Amino acid sequence: MAHSSSSSESCIPAAQLGALLLDLYPRAAAPEASAAGGLLDWLAGHIAFDAAWFGRSVFAAGRLEPRDGHTRGLAPDFVADWCRVRHLDPMVAAVMARPGHGMAMASHELPPMGALRAFASDHRLDRVLSVMLHAPDSPWWTHLSLYGREAASFGAREHALLELLMPHLVSAQALRLREAPAPGVSALAVLSRREAEVARLFGEGHSYKMVARRLDSSPATVRHHLRQVYAKLGVTSKVQMARLVCGEAAQA
């Protein structure tokens, strides 16, 4: 059973958190440290863990679809293996129900027989501490899971520190994440058919009203689709969007 954290503020003094953030942001500004791997290296200096997964997923069709991310201390096939048992993972529902709250679980709490227990055994995972954040009006979820390979559980301090640092870790990584979807992930595959049509027409220089007329829709609906396109692709401008969508369409 997943266990929630205690109050973050009661465990971490404000002065200590401030000192951590003063150390985090200058380090994250360096190109070699701004990627998720560098952030996990930094975090390992403040929370003891043996392995980690820091990434983004889209919630679609009732399940999480990993799109980009970084693992530390895990096998190359870890994410693929997790995708095969994700429908059994109780941590998914627990952390999505309480965004920003740390949830912990030990492997002995899993059913003694079954695919999820086998997954934990194969990857030598004895315990996990996870937290997720959801971008408003977006299908994107950013998740961070810390794994231990010893019997000792994550304590109240680790819970609290992860909860407090998670928004800042996401912010430190945000510039890199806004540049484009993960390598190897098709921009068109992320979008629905109508969202791809809206993105293509905007990329060709059409206005809201022109797109609405072409698609026999209303400008308000077109704006909604465009917001979804920006969120799903992780872009902030029409130029970025057009480069991704129209470029892929031309190669198809």
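This is a predicted model: local features need pLDDT of at least 70, side-chain atom pairs count only at pLDDT 80 or more; totals for chains, interfaces and linings use all residues.
Residues are numbered from 1 along each chain as its sequence is written, and side-chain values use heavy atoms, with hydrogens and water left out. Helices (H or I, at least four residues) and strands (E, at least two) are DSSP runs numbered from the N terminus.

**Salt bridges**

- The structure holds 7 salt bridges, each being a side-chain nitrogen of Lys or Arg within 4 Å of a carboxyl oxygen of Asp or Glu.
- One of them joins Asp41 and Arg72 at 3.0 Å, N to O, and links distant parts of the chain, with Asp41 in helix H3 and Arg72 in strand S3 (residues 63-72), 31 residues apart.
- Arg86 pairs with Glu65, their closest N and O atoms being 3.6 Å apart, and Arg63, Glu65 and Arg86 are linked in a network of salt bridges.
- Arg84 and Asp81 form a further salt bridge with closest N and O atoms 2.2 Å apart, and both lie in helix H4, 3 residues apart, about one turn of the helix.
- Within that pair, Arg84 is exposed at 55% relative accessibility, whereas Asp81 is buried at 17% (buried means under 20% relative accessible area, exposed over 50%, partly exposed in between, with a 1.4 Å probe and protein chains only).

**Positive surface patch**

- Lys209, Arg213, Arg223 and Arg227 form a positive surface patch, in which like charges are joined within 9 Å and every residue has over 30% relative accessible area and no salt bridge.
- Helix H10 (208-214) and helix H11 (219-233) each supply at least two residues of the patch, and Arg213, in H10, is exposed at 61%.

**Positive phi angles**

- Arg124, in the loop between helix H6 (115-122) and S5, has a positive phi near 55° although it is not a glycine, and is exposed at 55%.
- Asp216, in the loop between H10 and H11, likewise has a positive phi of about 55° without being a glycine, and is exposed at 76%.

Notes:
Patches are made of residues with over 30% relative accessible area and no salt bridge: like charges are joined within 9 Å, nonpolar side chains (Val, Leu, Ile, Met, Phe, Trp, Tyr) within 5 Å. Accessible areas come from the Shrake-Rupley method with a 1.4 Å probe; for residues, only the protein chains shown count as cover. Lys and Arg count as positive and Asp and Glu as negative; His and the chain ends are not counted. The place of a charge is taken as NZ of Lys, CZ of Arg, CG of Asp or CD of Glu.
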